[in-house]
Amino acid sequence: MTELTNKSALELAAGLKSGEFSSVEVTQSHLDRISATEDDFNSFITVTDELALEAAKAVDAKRSAGEDLHALAGVPVALKDLVVTEGVNTTAGSKMLENWVPPYESTVHNKIKAAGLPVLGKTNLDEFAMGSTTEHSAFGNTRNPWNLEHVPGGSSGGAAAALAGFQAPLSVGTDTGGSVRQPAAFTGTVGVKPTYGSISRFGIIAMASSLDQVGPMGRNVADAAALHELLAGHDPLDSTSLPDEVGGFLNAAQTSELKGKKLGVIKQLAGQGYQDGVRTAFTAALEAAAAAGAEIVEVDCPSISYALDAYYLIMPSEVSSNLARYDGMRYGLRVEPETGPVTAETVMSATRAAGFGDEVKRRIILGTYALSAGYYDAYYGSAQKIRTLVQNDFAKAFAACDVLVSPTTPTTALKFGAEKAADPMALYLGDVATIPANLAGIPGLSLPAGLADGLPVGFQILAPAREDIKLYEVAGPLEAALESTGGRVLDTLAEGLNAK
């Protein structure tokens with residue numbers, strides 16, 4: 001690694017502003033890092049080197065001319081390949097969209113371009129964001145920079161691996177049931193799921209529309225906060241976009257204290273089924289928070305016990321509806337039957353059989369069944385009632401504390417081919433701590449809390465809806481407290497990568 005690729009996003013922003021180095025130099029350093037490590041990590045589906053350098057040159061020219069620029073202008077970023085980018089392949093990790101070049105732009109990419117952040121490329125993901133390991137991509141597995149025999153998590157595994165592998169200082173992912181927070185936990189990075197509707201979903205390929213949320217990712221809390229401020233805000237093109245004014249995240253992360261904060265440990269998310277090392281790291285983080293002046297209390301959210309079941313009815317039902325558009329007629333892959341008549345039905349069947357992977361098909365089948373006549377009220381309708389109970393439990397819990405906390409995941413990163421990785425049900429259970437936030441629409445953040453058996457452990461913070469700033473008011477000083485006692489988790493990885 002070079003000195004530039006080892007810097008945080010805000011360190012790069014400061015150096016660019018002072019003239020210590022140029023955006024072209026920063027961008028080229030990261031592109032060189034991608035070239036040198038991509039065979040190991042497979043973080044990217046598409047690397048947009050020429051476009052990135054063009055954007056970097058434009059920023060450098062504006063800075064030389066004395067123009068006012070965004071604080072992150074010139075700092076490179078990687079986008080999950082679910083974010084539509086006009087003129088650049090957007091695949092969703094699927095054969096169905098392998099050669100699709102969008103004719104329009106997502107709001108997220110428009111904001112990034114307007115702020116002057118060069119886009120390094122589009123990162124790998126589980127197909128249509130369905131998975132927890134990034135093994136369900138049509139473009140190969142992404143590997144965890146901490147240990148190439150382990151998964152980086154998913155579905156934003158490529159975005160997280162790019163950060164941990166020092167290929168990019170910032171990443172944009174999406175979180176439907178933990179797909180930003182879980183890979184952040186597995187890779188020792190920071191991942192944020194904002195309040196539902198606070199970042200535009202216009203131009204984000206849909207998986208489950210009432211659950212999907214774009215999320216900023218960085219190597220530390222302040223970097224994620226800065227990117228969050230850039231991406232958030234009302235968008236008239238998104239009918240679910242909130243009208244709220246947003247901001248203050250970076251200042252909260254950098255200036256807040258834990259003294260006087262009340263952290264609620266969720267009773268249902270801190271018991272059996274958690275790896276010993278995860279429990280140990282989580283307990284140590286709570287002790288660090290208490291030593292810094294926080295009050296630790298236990299809260300009871302009984303309906304969370306049913307959240308996983310409700311999610312795996314609501315999510316596949318929405319998947320079944322959203323993915324009906326991939327029929328071989330409108331756009332994307334088209335496959336005609338080898339024998340028999342060529343009709344709308346046979347083309348649709350052949351296209352979906354060839355274009356969708358096993359996990360996508362599994363969820364479409366489950367969702368179609370849950371929505372079928374005679375079962376809608378029993379399954380989908382009941383799941384939505386559980387969703388309301390989860391929201392009510394969170395509201396009661398937040399009345400007693402500032403934020404809620406739990407381990408982000410029950411285990412550290414799984415090995416490729418491990419028993420759990422081959423068992424869909426076991427993988428689904430791994431989302432037990434992250435799914436409730438998506439059902440309730442509340443914001444959540446995962447930050448590194450130490451290591452267990454040489455792999456990172458994530459610490460999850462949840463805040464009330466529309467109060468994302470509380471995430472940073474706790475995460476910022478907690479990160480500082482943890483680093484003062486155990487050092488930065490990613491420094492351990494950086495030393496190992498430099499040694500290689």
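**Salt bridges, a surface patch and a cavity**

Both Arg 181 and Asp 175 are buried. In this predicted model, their side chains meet in a salt bridge, with 3.0 Å from N to O. Side chains of opposite charge can pair when their charged atoms come close. Across the whole structure, a search finds 14 salt bridges.

Another of these pairs joins the side chains of Lys 122 and Asp 81, at 2.8 Å from N to O. Lys 122 and Asp 81 are both buried.

Because they are three residues apart in helix 12, about one helical turn separates them. Arg 362 is partly exposed, with 36% relative accessible area, whereas Glu 359 is buried, at 5%. Together with Arg 363, these two residues are linked in a network of salt bridges.

The surface also carries a nonpolar patch, formed by Tyr 369, Tyr 375 and Tyr 379, whose accessible area together is about 280 Å². Tyr 375 lies in the loop between helix 12 (358-370) and helix 13 (377-398), and its relative accessibility of 33% makes it partly exposed.

Finally, the largest cavity has a volume of about 100 Å³. It is lined by 15 residues, and those closest to its centre are Gly 131, Ser 132, Ser 179, Tyr 311 and Asp 431. The lining comprises five nonpolar, eight polar and two charged residues.

Key: Residues are numbered from 1 along each chain as its sequence is written. This is a predicted model: local features need pLDDT of at least 70, side-chain atom pairs count only at pLDDT 80 or more; totals for chains, interfaces and linings use all residues. Side-chain values use heavy atoms; hydrogens and water are left out. On a 1 Å grid over the protein atoms alone, a cavity is a set of points where a 1.4 Å probe fits but cannot get out, and a pocket is an open set with protein on both sides within 12 Å along at least five of seven lines; lining residues have an atom within 4 Å of a point. Grid points are joined across faces, edges and corners, and a volume is the space filled by probe spheres set on the points. Ala, Val, Leu, Ile, Met, Phe, Trp, Tyr, Cys and Pro count as nonpolar, Asp, Glu, Lys and Arg as charged, and the others, Gly among them, as polar. Patches are made of residues with over 30% relative accessible area and no salt bridge: like charges are joined within 9 Å, nonpolar side chains (Val, Leu, Ile, Met, Phe, Trp, Tyr) within 5 Å. Accessible areas come from the Shrake-Rupley method with a 1.4 Å probe; for residues, only the protein chains shown count as cover. A salt bridge is a side-chain nitrogen of Lys or Arg within 4 Å of a carboxyl oxygen of Asp or Glu. Helices (H or I, at least four residues) and strands (E, at least two) are DSSP runs, numbered from the N terminus. Buried means under 20% relative accessible area, exposed over 50%, partly exposed in between (1.4 Å probe, protein chains only).
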